[in-house]
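Visitor: I would like to learn how to read a model like this one, feature by feature. Could you take me through it?

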There are 2 protein chains.
Amino acid sequence: MDEKLTEISSLGEFGLIDRITKEFTNRNVTTLKSVGDDAAVIACPEDEEIVVTTDMLVEGVHFDLTYVPLKHLGYKSAIVNFSDIYAMGGQPRQITVSLAISSRFAVEHIEQLYQGIKTACDIYGVDLVGGDTTASRSGLVISVTCIGAVKKGKAIYRDGAKDTDLICVSGDLGAAYMGLQLLEREKAASAGRKDFVPQFGGKEYIVERQLKPEARRDVVAMLEEAGIHPTSMMDVSDGLSSELLHICHDSHTGCRVYEDRIPIDYQTAVMAEELGMNLVTAALNGGEDYELLFTVPLTDHDRVEKLKGIKIIGHITKEDMGCALVTRDGTEMTLKAQGFTHY
Amino acid sequence: MDEKLTEISSLGEFGLIDRITKEFTNRNVTTLKSVGDDAAVIACPEDEEIVVTTDMLVEGVHFDLTYVPLKHLGYKSAIVNFSDIYAMGGQPRQITVSLAISSRFAVEHIEQLYQGIKTACDIYGVDLVGGDTTASRSGLVISVTCIGAVKKGKAIYRDGAKDTDLICVSGDLGAAYMGLQLLEREKAASAGRKDFVPQFGGKEYIVERQLKPEARRDVVAMLEEAGIHPTSMMDVSDGLSSELLHICHDSHTGCRVYEDRIPIDYQTAVMAEELGMNLVTAALNGGEDYELLFTVPLTDHDRVEKLKGIKIIGHITKEDMGCALVTRDGTEMTLKAQGFTHY
């Protein structure tokens with residue numbers, strides 16, 4: 001270990017927790033007791049319900065520290081959880097962060113990771129209220145749980161889509177996946193070369209989508225302001241196809257999605273071209289976009305069409321119609337879940 | 001892999017989740033939405049607050065599958081979280097379970113783990129409401145978050161102990177630690193011997209304390225029934241010394257604990273004798289007992305003394321008195337935290 005770095009064993013678990021958590025301040029009135037007891041205590045206003053989600057990120061499976069800065073990793077590990085809370089129509093309020101850390105990590109590394117978590121908490125107004133830190137035999141494992149709040153009875157589930165509902169998605173799709181392909185390509189190209197400079201020029205957007213995704217708090221706010229209540233909603237973490245199939249399965253419906261309506265950034269398209277990959281496949285199955293996919297009644301058409309950054313990509317059908325992508329030439333292709341699989 | 005076992009990749013993440021979660025049923029009216037959406041939704045009755053705790057267990061650090069059956073491991077991973085909720089004076093209601101699983105585990109192994117989790121949930125009345133399952137590059141990592149409820153304003157913290165308060169502990173201490181020593185001894189003795197039969201005769205209690213701990217729901221109920229409101233409370237997970245120092249640090253007090261008052265089971269004593277280990281050290285620093293350590297006002301002396309299985313082991317002092325163990329011969333020894341450290 002570099003001599004300027006501090007070994008975690010020199011602080012111990014409690015010392016490490018003290019050093020990290022003193023940087024965090026609470027901002028939610030519902031956070032009654034934060035880090036430092038057997039459990040955190042959270043108030044729940046009368047007109048709210050609690051929303052809980054959890055995600056685990058494993059080194060070598062979900063991230064590669066060759067090209068993922070620890071600060072970005074911390075940021076992303078918080079964001080992916082916030083995204084799940086927004087996907088319920090809720091607001092993230094508190095997180096717990098558990099880490100298993102191998103001996104190759106120093107205190108300064110863990111501080112970088114928490115800097116990213118803190119930045120995410122600062123931006124999204126979330127309090128760090130607990131966690132666990134422990135040794136690991138190999139690599140880094142991050143487990144984040146996020147607690148949020150939603151107005152009583154207003155949580156948006158996956159099972160509420162109805163025949164003729166419009167299918168909408170925020171932002172654009174496939175960029176995070178193509179960013180990953182680019183990072184992997186540059187990693188392979190750099191192997192064994194000390195003087196290597198990765199080529200990201202003109203592709204900053206897709207790299208950022210992979211390394212520093214955002215959760216669509218703004219979309220939830222925009223929908224509320226417009227008085228639009230989605231009948232179902234999910235975040236796009238495993239890929240559009242996979243999420244659509246979840247909504248249709250749970251809602252007992254089918255769907256039609258139009259290839260030419262799927263929002264794709266030009267950098268995503270250029271990268272797919274460059275790597276000889278199918279662009280639509282990347283957009284349908286790429287995953288990690290953390291955009292919001294939702295359905296609204298047909299009567300909301302005019303209102304939803306006016307929303308900036310929201311695209312109507314298809315509609316819900318009766319269940320026996322099945323789930324299909326309508327290609328540019330009018331052909332129907334059955335949707336298949338080819339979401340990320342780590343097994 | 002044994003040909004009778006099912007590879008996890010043959011089911012995929014969603015298939016595995018389906019197979020496991022179909023065994024679980026919800027029993028809490030506050031569980032509004034369980035597994036199967038972006039997040040779980042939990043109601044919070046008007047007179048309650050939410051309590052949240054999380055623990056991570058790492059193979060090779062916290063458990064050794066050579067002698068820990070997966071079912072017991074699942075049970076314990078839930079119990080250690082329930083224990084933290086009881087230590088706040090709360091009731092556990094929901095858990096999320098995240099797993100990172102290496103390729104040497106089959107579906108059947110994961111089912112055994114969840115059988116243990118289910119048994120704990122059944123006994124303690126807790127619902128499984130979410131989680132995440134992913135691959136790991138080596139070994140098994142279990143991250144459990146527990147959500148509980150406590151009456152508004154009634155959470156019992158670590159910082160409420162007052163000068164002259166009585167220090168009380170439930171059950172007995174050091175048994176889980178001596179059980180671990182025994183298991184480690186038998187593991188070492190069995191190395192390379194196929195016909196080896198471990199010797200646990202007459203030591204079943206300490207083995208069970210290590211492999212299948214319980215959370216002291218009964219103590220919380222007993223205190224409530226007796227109208228006793230502890231001024232501070234913690235569960236004994238890192239060892240009595242460590243926990244006492246936490247309470248005294250946070251409460252700005254000192255303490256005196258009497259060696260001859262510390263409850264120790266005879267099997268613990270026999271094992272310490274056999275291994276030539278210091279019994280008091282084991283009881284003070286052993287950890288993993290999951291008993292409840294709490295303080296009550298001196299005026300509760302008669303009421304707390306009548307409680308079955310509760311021992312008064314000392315008293316809180318002014319801060320400048322420091323924290324000390326009073327040995328059988330009246331000597332004062334400064335308490336030091338030598339809790340489990342995994343670094």
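Guide: Gladly; we will go through the sheet, the helices, the interface and the salt bridges in turn. Please keep in mind that this is a predicted model.

Visitor: Let's begin with the sheet in chain B. In what order do the strands of the open sheet lie?

Guide: As a general idea, strands of a sheet pair through backbone hydrogen bonds, either parallel or antiparallel. In chain B, an open sheet of 7 strands has the order 8-10-7-11-9-12-13, and its pairing is mixed. Strand 8 (232-235) and strand 13 (332-334) of chain B are the edge strands, each pairing on one side only. From one strand to the next, the twist averages 25°.

Visitor: How many bridges join strand 9 of chain B to strand 12 of chain B?

Guide: There are 4 bridges between strand 9 (residues 253-258) and strand 12 (residues 323-326) of chain B, and these two strands run parallel. In that pairing, B:Cys255 stands opposite B:Cys323 of strand 12.

Visitor: Which strands does helix 6 of chain B lie across?

Guide: Helix 6 (residues 217-225) of chain B lies across strands 7, 8, 10 and 11 of chain B, and runs at about 20° to strand 10.

Visitor: Now a helix in chain A. Which residues of helix 1 are buried?

Guide: In helix 1 (residues 12-21) of chain A, the buried residues are A:Gly12, A:Leu16, A:Ile20 and A:Thr21. What covers them includes strand 4 (91-101), helix 3 (107-124) and strand 5 (127-135) of chain A.

Visitor: On to the interface. How many residues does the contact take from each chain?

Guide: The contact takes 66 residues from chain A and 66 residues from chain B. Between them the chains bury about 5000 Å², 58% of it on carbon and sulfur atoms. Across the interface there are 18 residue pairs in polar contact, both residues being at pLDDT 80 or more. Strand 3 (residues 48-58) of chain A gives the largest share of the side of chain A that touches chain B, 9 residues.

Visitor: Is A:Ser143 buried or exposed?

Guide: Buried means under 20% relative accessible area, and A:Ser143 is therefore buried, at 2%. A:Ser143 lies in strand 6 (residues 141-151) of chain A. A polar contact of 2.8 Å joins the side chains of A:Ser143 and B:Ser143. Among the other residues that A:Ser143 touches are A:Thr54, A:Val97, B:Met56 and B:Ser98.

Visitor: Why are A:Lys118 and A:Asp122 separated by about one helical turn?

Guide: An α-helix has 3.6 residues a turn, so residues three or four places apart point the same way. A:Lys118 and A:Asp122 are separated by about one turn because they are 4 residues apart in helix 3 of chain A. Their side chains meet in a salt bridge of 3.0 Å, N to O. Both belong to a network of salt bridges that links A:Arg27, A:Lys118, A:Asp122 and A:Asp127.

Conventions
Residues are numbered from 1 along each chain as its sequence is written. Chains are lettered from A and ligands numbered from 1 in the order in which they are written. This is a predicted model: local features need pLDDT of at least 70, side-chain atom pairs count only at pLDDT 80 or more; totals for chains, interfaces and linings use all residues. Side-chain values use heavy atoms; hydrogens and water are left out. Two strands pair if DSSP finds at least two bridges between them. Axes are lines fitted to C-alpha atoms, for helices over the stretch in contact, and angles run from 0 to 180 degrees between N-to-C directions. Contact means heavy atoms within 4.5 Å. Buried means under 20% relative accessible area, exposed over 50%, partly exposed in between (1.4 Å probe, protein chains only). A polar contact is a pair of N or O atoms within 3.5 Å; within protein, one must be able to donate a hydrogen and the other to accept it, and residues adjacent in sequence count only if both atoms are side-chain atoms. Buried area is the accessible area (1.4 Å probe) that two parts lose on being put together, summed over both. A salt bridge is a side-chain nitrogen of Lys or Arg within 4 Å of a carboxyl oxygen of Asp or Glu.
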